[in-house]
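Subject: Structure handover

Hello,

Here is the structure I promised to pass on. Please open it next to this email and follow along.

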Amino acid sequence: MNMKVTFLGLGAMGQRMATRLLDAGHDVTVWNRNTAVRDGFDARAVKAVTPADAVAAADVVFAMLRDDAASTDVWLGAAGALAALPTGAVAVECSTLSLTQVLKLHAAAAERGVAFVDAPVAGSRPQAEAGQLIFLQGGAAEVIAALDPLFAEMGGKRLHCGPAGAGAMAKLVVNAMFGTQLAALAELMAATKAKGFDAQSVLKALADTPVCSPATAGAGGAMLAGQWAPAFPIDLVAKDFTYVAQSGTVMPLAEQVAEVYAQAVAEGFGADNITGIIQRYDGAARC
């Protein structure tokens with residue numbers, strides 16, 4: 001069924017997700033803070049000047065934004081989307097945000113009588129382009145089920161994690177697990193090389209044991225090969241760990257790992273992919 005869909009945020013992920021919806025035949029309106037990116041996006045999309053303008057006739061609104069501050073501005077700002085949503089429209093927040101922010105958005109939507117879903121994604125640019133993202137969904141089951149045809153255009157798996165905020169919490173858990181594994185792997189591979197052993201051989205042995213996930217093994221190979229082109233940049237990893245550390249009363253490990261990535265940003269590695277975290281330990285030269 002053709003739907004009127006708005007997409008707020010045309011970063012690397014948002015562009016690919018919105019393109020999937022256009023390819024599926026939906027009427028898509030887009031907004032982006034950087035007007036050059038918005039205007040240069042697919043000619044099939046309607047280009048809106050403000051978030052409020054973008055959602056005025058929407059059935060469903062998706063947002064893929066950088067952080068809590070951007071989310072607050074786009075949804076709740078002076079020209080924000082939430083107040084302008086038509087009756088019966090559904091808002092879907094796909095960004096990786098703090099749990100506090102997501103619950104605030106759910107509450108604001110409820111005050112307006114608008115259905116709201118948190119549905120951040122696991123996956124990066126290749127998965128977004130192929131429509132194979134994993135959606136981690138929080139909110140009313142019946143609302144999420146009604147949106148499944150749209151989610152299916154962009155994602156291979158759609159996992160309903162529970163009520164409002166459960167999707168956001170699940171995404172923080174996923175990112176924290178992955179980021180912790182890679183921070184530890186970077187230290188261990190650097191130590192392996194420092195002792196004169198072949199890190200590739202040790203990584204291969206690790207990958208053949210039950211303790212190593214396929215994602216960690218793949219990222220480890222990229223780490224040792226110096227493949228640091230940004231897919232999940234370190235500055236975003238650091239941002240996510242800040243949100244993770246805020247989500248619990250006692251989070252000593254998350255706070256320590258957050259500091260590892262924060263220091264990497266301070267050292268100039270923020271624009272590199274998460275696999276570039278090894279540069280903190282092995283003295284790799286920067287171009």
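This is a predicted model: local features need pLDDT of at least 70, side-chain atom pairs count only at pLDDT 80 or more; totals for chains, interfaces and linings use all residues.

**The largest pocket**

Start with the largest pocket. It holds about 1300 Å³ of space. Its lining counts 49 residues. Which of them are the closest to its centre? They are Met-13, Gly-123, Ser-124, Ala-231 and Phe-232.

Several elements supply at least two lining residues each. The helices are α1 (12-23), α4 (68-76), α6 (125-130), α9, α11 (214-224) and α12 (234-246). Helix α9 gives the most, with six residues.

Next comes the second largest pocket, with about 160 Å³ of space. Find Gln-181, Ala-184, Leu-185 and Leu-188, which are among its lining residues. Leu-206, Val-211, Cys-212, Ser-213 and Thr-216 line this pocket too.

Which helix gives the largest share of this lining? That is α9, with four residues. By class, six residues of the lining are nonpolar and three are polar. No charged residue takes part.

**α9 and α10**

Now look at helix α9 (residues 166-194) and helix α10 (residues 199-207). Their axes come within 9 Å and cross at roughly 135°. That angle makes α9 oblique to α10. The crossing is right-handed.

On the α9 side, the contact uses Leu-185, Met-189, Thr-192 and Lys-193. On the α10 side, it uses Ala-199, Val-202, Leu-203 and Leu-206. Six of these residues are nonpolar, one is polar and one is charged.

**α10 and α11**

Helix α10 has another partner, α11. The axes of α10 and α11 come within 10 Å and cross at roughly 175°. So α10 is roughly antiparallel to α11.

From α10, the contact takes Ala-199, Gln-200, Leu-203 and Ala-207. From α11, it takes Ala-217, Gly-220, Gly-221 and Leu-224. Five residues of this contact are nonpolar, three are polar and none is charged. Ala-199 and Leu-203 also belong to the contact with α9.

**α4 and α5**

Finally, go to α4 and helix α5 (residues 99-112). Their axes come within 11 Å and cross at roughly 10°. Why do they count as roughly parallel? Angles under 35 degrees fall in that class, so α4 and α5 are roughly parallel to each other.

Helix α4 brings Asp-68, Ser-71, Thr-72, Trp-75 and Leu-76 to the contact. Helix α5 brings Gln-101, Lys-104, Leu-105 and Ala-108. The contact has four nonpolar, three polar and two charged residues.

**Where to begin**

Helix α9 gives the most to the lining of the largest pocket. The largest share of the second largest pocket's lining comes from α9 too. From α9, step across to α10 through the contact that includes Leu-185 and Leu-206.

Best wishes

Note on methods:
Residues are numbered from 1 along each chain as its sequence is written. Side-chain values use heavy atoms; hydrogens and water are left out. Axes are lines fitted to C-alpha atoms, for helices over the stretch in contact, and angles run from 0 to 180 degrees between N-to-C directions. Angles under 35 degrees count as roughly parallel, over 145 as roughly antiparallel, 65 to 115 as roughly perpendicular and the rest as oblique. A crossing is left-handed if the near helix is turned anticlockwise from the far one by less than a right angle, and right-handed if clockwise. Contact means heavy atoms within 4.5 Å. Ala, Val, Leu, Ile, Met, Phe, Trp, Tyr, Cys and Pro count as nonpolar, Asp, Glu, Lys and Arg as charged, and the others, Gly among them, as polar. On a 1 Å grid over the protein atoms alone, a cavity is a set of points where a 1.4 Å probe fits but cannot get out, and a pocket is an open set with protein on both sides within 12 Å along at least five of seven lines; lining residues have an atom within 4 Å of a point. Grid points are joined across faces, edges and corners, and a volume is the space filled by probe spheres set on the points.
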